[in-house]
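Open the model in the viewer and keep the selection panel at hand.

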Amino acid sequence: MVLELLSNKQLFRNEFQQSTHRLLRVCQIFGTVPWEVTLFTCDSKPLSRWAVWIVRAANVLYSLCLMAAVMVATVLQHLEFDRHMPFMTRMLYISEYIMENGVVMMVLIGCHYQRRCYGRFSAQLLAVAIDVSLCGGTVDFQRIETIFNRLVGCVMLFFAGVLMVDFLYNDQMFWSFVRSSAIYTLSNLINVLGLVQYAYVLYFLFFFYYDMNRLLQSYTRHLKAQDKRYLRRLTSEIVLPSGALYDYAQLIDILRRTHLQLSALTEQVNGCFGVLIVSTTTASFVVLSLQFFAIYQATTVRHWTMTDTYLLVYTVLWIVLHAAKVLIILYPCHLVQRERDRTGPMLYRFDPTVRDSALNNAMVGALTTYLVILIQFDTAVSQGHTAPSNGSTSSFSASGHGNGSLPA
């Protein structure tokens with residue numbers, strides 16, 4: 001039994017490392033995971049203390065360079081473009097800059113401050129995987145690896161498309177492209193990779209809850225012995241003496257303790273990523289307000305040019321990005337909550353009280369309200385500019401420019 005536990009632990013450990021390898025390396029390239037982080041104690045000879053300090057110092061310097069690049073690009077962008085905007089729009093852009101820089105610093109500094117969480121979370125997930133396997137469950141590491149490899153690939157392709165559109169929108173001017181990419185693309189890529197780590201842990205929790213629910217249903221049907229076909233399938237999954245009620249009671253007790261471990265781990269993960277989640281949601285709300293307002297302004301353009309086309313595509317891409325960031329937060333939470341609520345009545349009989357759709361409805365309502373406010377401000381500013389012209393000449397409307405905006 002002891003040898004079996006050790007072999008299962010080593011097998012799960014290897015599969016866990018394999019499933020996280022690519023995501024871990026991509027995050028380390030962009031500074032969202034410390035370079036010296038290893039999920040488990042390395043079997044090979046560990047680095048010396050001086051080597052660890054050198055790697056850590058180089059990683060900190062790299063993170064500071066990333067933060068400085070985003071911050072300098074933000075200042076240059078504000079000085080060159082934002083001073084000519086209306087007051088309300090300028091304040092929203094300043095809020096966006098502040099929150100984006102804050103999120104970048106939060107991710108890059110927070111990953112170093114909480115670097116011990118990687119090993120702690122990995123050890124707890126490994127322990128839960130072993131407990132679930134002892135009860136007859138299976139941990140599908142390969143499926144999780146496939147899901148997140150595809151997600152990381154989609155993220156990279158999306159930002160490659162953003163960079164291409166950004167380059168064309170800036171009239172292929174290199175320094176304008178670099179400035180815009182640093183303030184928008186780099187900062188959002190760092191933010192997304194931080195959120196992907198949160199979603200990765202939640203997906204593990206979801207599959208653990210899913211296996212627990214499947215096992216509980218299997219135990220119930222096996223004890224009732226109502227379906228012979230189900231019994232024949234079940235014997236290949238759970239190795240137990242026939243009619244061993246004490247074994248079932250012990251297994252259910254293991255699942256009960258595992259459920260408590262998952263609940264505690266969920267609280268730890270939410271505590272680790274809580275500030276990032278709130279900051280990302282707030283920043284996405286501000287950006288979505290600005291981008292929907294930009295689409296409204298695009299409908300008022302009189303002479304459509306290729307630059308306007310690039311700007312429209314760029315705006316749509318950012319709407320998709322920030323909506324996806326909210327979904328990266330909400331959808332894994334929804335999956336975990338759904339499976340947890342299925343487990344609850346079986347083990348603890350607690351009732352679900354939270355509904356993820358409430359946040360979606362609140363954000364849609366608030367976005368609509370702020371979009372109307374921005375349109376009203378823009379209309380008031382446009383009417384204020386056109387009022388003197390209407391008072392000085394009576395032929396302005398007849399000339400084709402009397403629709404509330406200045407002629408091009």
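Contact here means heavy atoms within 4.5 Å. The model is predicted.

**Stop 1: a helix pair.** Select helix α2 (residues 49-81) and helix α3 (residues 87-113), whose axes come within 10 Å and cross at roughly 180 degrees. The two helices, α2 and α3, are therefore roughly antiparallel to each other. For the contact, show Asn59, Val60, Ser63, Leu66, Met67, Val70, Met71, Thr74, Gln77 and His78 on the α2 side. Facing them in α3 are Ile94, Tyr97, Asn101, Val104, Met105, Leu108, Ile109 and His112. Of the residues in this contact, 11 are nonpolar, 7 polar and none charged.

**Stop 2: Ile277.** Move to helix α8 (residues 245-298) and pick Ile277. Is Ile277 buried or exposed? Its relative accessible area is 14%, so Ile277 is buried. Beyond neighbours within four places in sequence, Ile277 is in contact with Tyr198 and Ile329.

**Stop 3: the cavities.** There are 2 cavities of 30 Å³ or more. To find the largest cavity, select Met99, Glu100, Val103, Ser187, Asn188, Asn191, Ala283, His322 and Lys325, which line it. Helices α3, α6 (174-224) and α9 (306-347) each supply at least two of its lining residues.

The second largest cavity, about 30 Å³ in volume, is lined by Thr138, Val139, Asp140, Ile144, Phe204, Phe207, Phe208 and Asp211. Helix α6 gives the most to this lining, with 4 residues.

Definitions and conventions: Residues are numbered from 1 along each chain as its sequence is written. This is a predicted model: local features need pLDDT of at least 70, side-chain atom pairs count only at pLDDT 80 or more; totals for chains, interfaces and linings use all residues. Side-chain values use heavy atoms; hydrogens and water are left out. Axes are lines fitted to C-alpha atoms, for helices over the stretch in contact, and angles run from 0 to 180 degrees between N-to-C directions. Angles under 35 degrees count as roughly parallel, over 145 as roughly antiparallel, 65 to 115 as roughly perpendicular and the rest as oblique. Ala, Val, Leu, Ile, Met, Phe, Trp, Tyr, Cys and Pro count as nonpolar, Asp, Glu, Lys and Arg as charged, and the others, Gly among them, as polar. Buried means under 20% relative accessible area, exposed over 50%, partly exposed in between (1.4 Å probe, protein chains only). On a 1 Å grid over the protein atoms alone, a cavity is a set of points where a 1.4 Å probe fits but cannot get out, and a pocket is an open set with protein on both sides within 12 Å along at least five of seven lines; lining residues have an atom within 4 Å of a point. Grid points are joined across faces, edges and corners, and a volume is the space filled by probe spheres set on the points.
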